[in-house]
Amino acid sequence: MEDKFCFAIDRGGTFTDVYARCPGGSVRVLKLLSVDPNNYEDAPTEGIRRVIQEETGKSIPRTSLLETNNIGWIRMGTTVATNALLERKGERMALAITEGFKDLLHIGNQARPNIFDLEIVCPDVLYEEVIEVQERVIPRQDTSTSEAINNQWSVSKTSTAEEVLVTKQLNEEKLRKNLKNILEKGIKSLAVVLIHSYMYKAHEERVGAIAEEMGFSHVSLSSLVIPMVKVVPRGFTACCDAYLTPHIRSYLKGFSAGFKNQLKGVNVLFMQSDGGLTQMDRFIGSRAILSGPAGGVVGYAMTSYQQFDSKPVIGFDMGGTSTDVSRYAGEYEHVFESTTAGITIQAPQLDVNTVAAGGGSRLFFRSGMFVGGPLAVTDANLVLGRLLPQYFPKIFGPKENEPLDKESTLKAFKRITDEVNSSKSDPSKHLRYEEVAMGFIRAKGHDTSHHVLAVFGGAGGQHACAVARALGMQSVVIHKYAGILSAFGMALADVVHEAQEPCSKSYVPANFSYLDEHLEALEKECVDYLQGQGFSSSNIVCEAYLNLRYQGTDCALMCTVNKDGLSTKSDACKYGDFKQAFLERYQREFGFVIADRKIFVDDIRVRGIGKLMIDTGEVVPQAEEEPKIETVTSIYFKEGWLETRVYMLSSLLSGHTIPGPAIIMDKLSTILIEPGCVGHITSQGDVQIQVGSTKRDKIGTELDAIQLSIFSHRFMSLAEQMGRILQRTSISTNIKERLDFSCALFGPDGGLVSNAPHIPVHLGAMQETVLYQLQLLGDKLKDGDVLLSNHPTAVFYVASRGHHADIGGITPGSMPPHSTSIHEEGAVFLSFKLVDQGIFQGILLVNELIDYYSLDVVQAYMGHIQSNAEVAVKELLKEVGCRIFKKTGVAALHAIDYMDDGSPIELTVNINIKKETAVFDFGGTGPEIWGNCNAPRAITVSAVIYCLRSMVGHDIPLNQGCLKPISIKIPPGCLLDPSPDAAVVGGNVQTSQRVVDVILRAFGVCAASQGCMNNVTFGDESIGYYETVAGGAGAGPTWHGRSGVHVHMTNTRITDPEILETRYPVILNKFTLNPGTGGNGGDGVARELLFRRPLTLSILTERRVFTPYGLEGGEDGQRGNNLLVRKCGRDMFRLLTPGGGGFGTPDNSNADSKCSKPPKKRQRHIERGSVYEYTRAQESV
C-alpha cells in the first residue's frame, strides 16, 4: 500500500481526527469539527478530501465524488451509534416479546438511576410498539414425563444439552396479525426477545422468518445477537441492535455515497467495542457503542506498554466531551455487560470507564463549594495561560477561522470569583480569579495507582502531570499523536471475529470432552471467517474462553488460559486449566475462593484475531543541539504566575530534555510540563515525563473553598472504597451480588461525615448505632476494634451495615410477616466485639488520609463538610418557611397518614425562619403495635435525612450536618420509638416508606408513591428466595410519576426471569405494568408466580387499605392487592403493587406554583464502564 493513501479516522463527539499514510510513506494528521453543516456534510469524508487535495495539489470540490483508485484502506471508529442512542435518534422499531412480559424492558431491573431524585427520570425504551407473542418455554427441572404429557407439554433439547418444556406452542396466526399492524404504522425494524431463547431458539427463529417474509427490513433475534442467559439485558441488546443497526447502515450508505463506485474494491474496516476491526457490512449496533474510545485503548496499548518493559499502563483520554480511563497489562480487559444511556448491553466491550466530563466539563460554585456549572475546564485552562489561543486550531465560527475567545472567558471567571468572595466574611481571604480557576482544576478527584500513565485526547496533555501526581505515578507517556491517538489506534488494530454459545455444564472431567468439542467448533468458525477475509493461518490467533461461576452465585468471570500448546493434564480441558485460571482470578479480585464449591460454565467463547501486521514505526533524528524555544509565556501554577518556555513538538528531536515549567505545542494538542517535572523526547518522537515530587502545600484547619471540594471528594471516595472492599471480600450473596449494604465515615464525636449513597433506609441508622456504641463502651473501645450490632438501639470510626437475610428468623429470608418480637426476626446482637485491636481496611484508608494531611486538618474538614451540608439545608428551610409564612401567616407544616392497621403517623414541622432551623414533631403518632411495623428511631432519622437531601435538589455532602438545623421529636413508646424487644422488620421496609410520604406531604413536594417495598419470600429446607417488587412513583408539580420502579427508601434490583425460573421451582407467568393504577402518578405492576412444588410463602406489604394520596387535587393511586389462586392442584401468587398518587387537577395539571419544587436538574454526564456499573449497582439495592 506504499503507493496509496491509507486512512485511520476517529469520528468523535466534538472532533474528527484523521491519521493518513500517504504515497511514499509520509504521514499527515488532521483534526476537524465532527459537525459543521455549513461547510461539509460528513467530517470523515471531508478529512479524506482535504488530505488528498493537499498532498496531490489537485483541487477537489466538496460537491464532487472522491476517486478511490488511490485509496488503499480506510479504518474508522465512529460515535454515530453512541450519539443515536444518547439522543434517541435511531430507527423506528417494535419489540416482539413473550406474552405476559410486554413491559419487562420498561421495568428493567426496577431500580431508579439516582436515588435522591423525586422526579424519577429513566431513559426511554427504544421501541415504539410491543407485540406479545403467544408462546412459552420453561426449564424442565424435575417435571416427570407423565406430568408433561398430562399438561400437553412437549419436551425439547436445547443448545446447552438441557431439556425444556414447551408449555405453549407459537401462535403464528396471531403473530402475523400483530406484525401486519406494526408494518401498517411504518415500522420495519423488529427485535425478538423470547424467554429462554438463549438456549431454545426455535420460536425466535420462526418469528424472525415470518417477519422477514412479511416485509420487515431488519430483524434482530436476541438468541443470535447475544446468546447469553438473562432476558432483560439480552432484550435491551436486541432492541439496541434493531434500533441502531439500520441507523448505522444508513450512515454507512451515506458515507460510501461520497466516493465513486461507493467504495467498492476499498478495504473499509470499522472498529468494534471490543477493540477489534470488522468489515463494514458486519458493523452492527450492539457492537458499535465504544467504537471510538476503543481505538484509543488500542493506540496506547500498542505504543506505550513496551516502552516501560511491559509495566501496566493506565490510559487517560480527555477529549472535548468526556474523559475515558482504561487499563492495559498485556491483554485487553473486557466486560460483557455494560450500560450506556440507560440501555444495558450484553456484548464484549473494552472496559472503558467514563469517569468525568472532558475539557467541556462544567464548573460552578454552590453553597460554599466548587461543583459543576456554566464554565468549563477548558475555560479554566485558558484563564491560567495553559492554552495559547494563537496556537490553538482556528476552526470555530461560521467560517471555520475563529480562535478561542479568551476575553469572554475572563469576564465569566471574574463574575464567578465575585460570587465566591461574597461567601467570605473576611476580605483578606478573598480569592483572585486565577485562584478560582486553579480551584476548579484541583477539585477534580482521582483514585490512586502505581502504573505508567498514558495520556491522550485533545485536553489530556494539559493535565498529565497533575493527574500523575494525584495518582502517585512517576512516569507519564504522551504519544506524538496523542491528540489523535484514537484514530492512530485504528491503524494498529487487528480484525476480530467472535463466536459464542451458552452452556450449562459443570466444570468436571466428565464434561471436558464436551467443552473441548464445542471450543474446537467455535475456533473453526473463527478461522474459516478470517481466512475468508484473506488472512493466512500464520496470522490468525484464537483465544478460548469459558464464562465460569460458583454454583448458586451470579458472579461469572470470563476466563482464558495462556495457551502454549494444548494441555495434557487429566484434570483440565485440552485448551488449558480453566479451573485454575478461574480460582486465581477469583482470589485476585475478591480476596478468597470457596473450597469444594462446584464451578459451572455459563458460556463458551472463542475470539479469533487476524493480525494485520501494520508497520507504523517512525523514527525522529537524534538531537545534536539544545531544543529551540518558540516563545516564553506566563502561566499560573500553585506557586503563582511563572515564566514558561514554549516549544513546538515538530522541532523537538530524540534525546531532547524539557524541564518544567514548559509547554509543548503542536496542532493536535497542548502538553503542559509542570514545575518539578522533566520531559524527554524518545526516538519515536513521543514525550516521556518524569514526575518529580513537589513541596506539599501547608493546609491549615481554616475553611478554604477549594480544599472543601477536595475533601468532599476524598471523604465520599473513602466511604465508597470501603464498600468496594466489603463487596469484594464478602461470601454472602446478599452482600456480594445484591450489594445490600452501606458504608460510612464518622468523626471523633460519632457524627456522620460521609455516607456513600447506597441504601436510603441506612442513612441515619448507622449514626444512631455508632453513637450508642460510644456511649455503651466508652474507654473500652480501642484502635482496631470491630463491633457487631444489629439491635435497633444499638470509629476515628467507620461503619458498614448490611442485610443478612440468612441469619435466623422463623421463615426463610428472615422477613416474617407475622413476627411480634425482634427475636423472631433473626439473631440479635446488641454489641459484640468482632475484632479486638486488630487491623481493619476502612481504618487504613482513614489513616492514609491523616498521614497525608495531619489529624488536625482531617478533623477540621470533617467539621467543615458537615457545616457545608448544614448551610444547604438551612437555605431550604428558609425558602420553604418564607413561602409558607407568606401564604398562611405561620411557618408551620402538618401532615398525617395511616398504616394499614389504622395506626396514624403524624408530623408537624415548625420552621424558625430567622435561625433557619426546624422542629420535626411526630406527636400524634400511634402507639407501638403488636406486629412488626414498629420502626426504631434510626429509621425515622434516615427518612428525614433522605427527604431533606431530596428536597435540596443538588448534590451536597451526605452527613450529620444535614440534621444540625433539625430537631426531631418522637414520643417514647409510639411505633416510631418502640420498646427494645418490639418486632421491627416491617418498620425497616414498610413504615420507613410511610414516614417519607408523610414528610413529603407536609412539604407539599410530591404525591405519595407506592409506600411499600412489597416483600416476597419463599423457600423450604433446601432453598430460600427474597425479593422486593416495584410499584408507582408519585407525581410532582412538574412531572408525572414513573411506573414500575422502586421508590424512596429502597432501590433493590430484581432477579432476572430466566435466572429465577432456572434456579427456583417457580414459573413467572407475568411481570408487567398494571395500567390505570396511578393517579397521574406511576402505575404499579402485576407479578404472578406459579409454584412447581410446595413452598413456604411469606408476604410483607402495605398500602392494601389506605390509598397512596394525591396532592393539589390529584387523584389517589390505587391500593395494592395480594391474591393466592389455587388451580389444578397448584398455587399461584398474584401480586398487584400500588400505584403513585397524582398531582394537580386536569385543569392545572402538575403546575401549581404554590408548592415546593426541587430544583430542575440539568442532564447528567453519561457515564459507563465497570466502575460506573459498580457504583450504579451500589445505588440500586
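W641 is partly exposed, with a relative accessible area of 38%. That value comes from a predicted model. The ring of W641 has a partner, Y636. Y636 counts as buried, because its relative accessibility is 5% and the limit for buried is under 20%. The two ring centres lie 5.4 Å apart. Their planes stand at 70 degrees, so this pair is edge-to-face.

**Aromatic pairs**

How many aromatic pairs does a search of the whole structure find? The search finds 22. A pair of aromatic rings is described by the distance of the centres and the angle of the planes. F582 and Y586 form another pair. Here the centres are 5.5 Å apart and the planes meet at 50 degrees, so the pair is tilted. Tilted pairs fall between the stacked cut-off, under 30 degrees, and the edge-to-face cut-off, over 60.

Both F582 and Y586 belong to helix α16, residues 578–590. They are four residues apart there, so about one helical turn separates them. Are these residues buried or exposed? F582 is buried, at 0% relative accessible area. Y586 also counts as buried, at 1%.

The table sets out the two pairs.

| Pair | Centre distance | Plane angle | Class |
|---|---|---|---|
| F582 and Y586 | 5.5 Å | 50 degrees | tilted |
| Y636 and W641 | 5.4 Å | 70 degrees | edge-to-face |

Ring pairs also build a cluster from F1018, Y1025, Y1064 and F1091.

**A sheet with a helix on it**

Strand β45 covers residues 1015–1019. Five bridges join β45 to β46, and the two run antiparallel. Both belong to an open sheet of three strands. What is the order of the strands? It is β46-β45-β49, with antiparallel pairing. The edge strands are β46 (1024–1028) and β49 (1096–1100), and each of them pairs on one side only. On average, neighbouring strands of this sheet are turned by 10 degrees against each other, direction ignored.

Helix α23, residues 985–1003, packs on this sheet. Which strands does α23 touch? It touches β45, β46 and β49. The direction of α23 makes about 50 degrees with that of β49.

**A hairpin**

Strands β36 (residues 741–746) and β37 (residues 752–755) pair in the antiparallel sense. Three bridges hold this pairing. Five residues lie between the two strands of the hairpin. G750 takes a positive phi there, near 85 degrees.

**Charges over rings**

Some charged ends sit over aromatic rings. The charged end of R75 sits over the ring of W73, 3.8 Å from the ring centre. The charged end of K505 sits over the ring of Y514, and here the distance to the centre is 5.0 Å.

**A buried aspartate in a loop**

Where is D274 placed? It lies in the loop between β12 (267–271) and β13 (277–279). D274 counts as buried, at 3% relative accessibility. Its side chain reaches the backbone nitrogen of G276 at 3.0 Å. Leaving aside residues up to four places away in sequence, D274 touches H334, P348, Q349, L350, V496, E498 and R607.

How values were computed: Residues are numbered from 1 along each chain as its sequence is written. This is a predicted model: local features need pLDDT of at least 70, side-chain atom pairs count only at pLDDT 80 or more; totals for chains, interfaces and linings use all residues. Side-chain values use heavy atoms; hydrogens and water are left out. Two strands pair if DSSP finds at least two bridges between them. Axes are lines fitted to C-alpha atoms, for helices over the stretch in contact, and angles run from 0 to 180 degrees between N-to-C directions. Contact means heavy atoms within 4.5 Å. Rings of Phe, Tyr and Trp (its six-membered ring) pair if their centres lie within 6.5 Å; planes under 30 degrees apart count as stacked, over 60 as edge-to-face and the rest as tilted. Buried means under 20% relative accessible area, exposed over 50%, partly exposed in between (1.4 Å probe, protein chains only). A charge sits over a ring if NZ of Lys or CZ of Arg is within 6 Å of the ring centre and within 35 degrees of the ring normal. A polar contact is a pair of N or O atoms within 3.5 Å; within protein, one must be able to donate a hydrogen and the other to accept it, and residues adjacent in sequence count only if both atoms are side-chain atoms.
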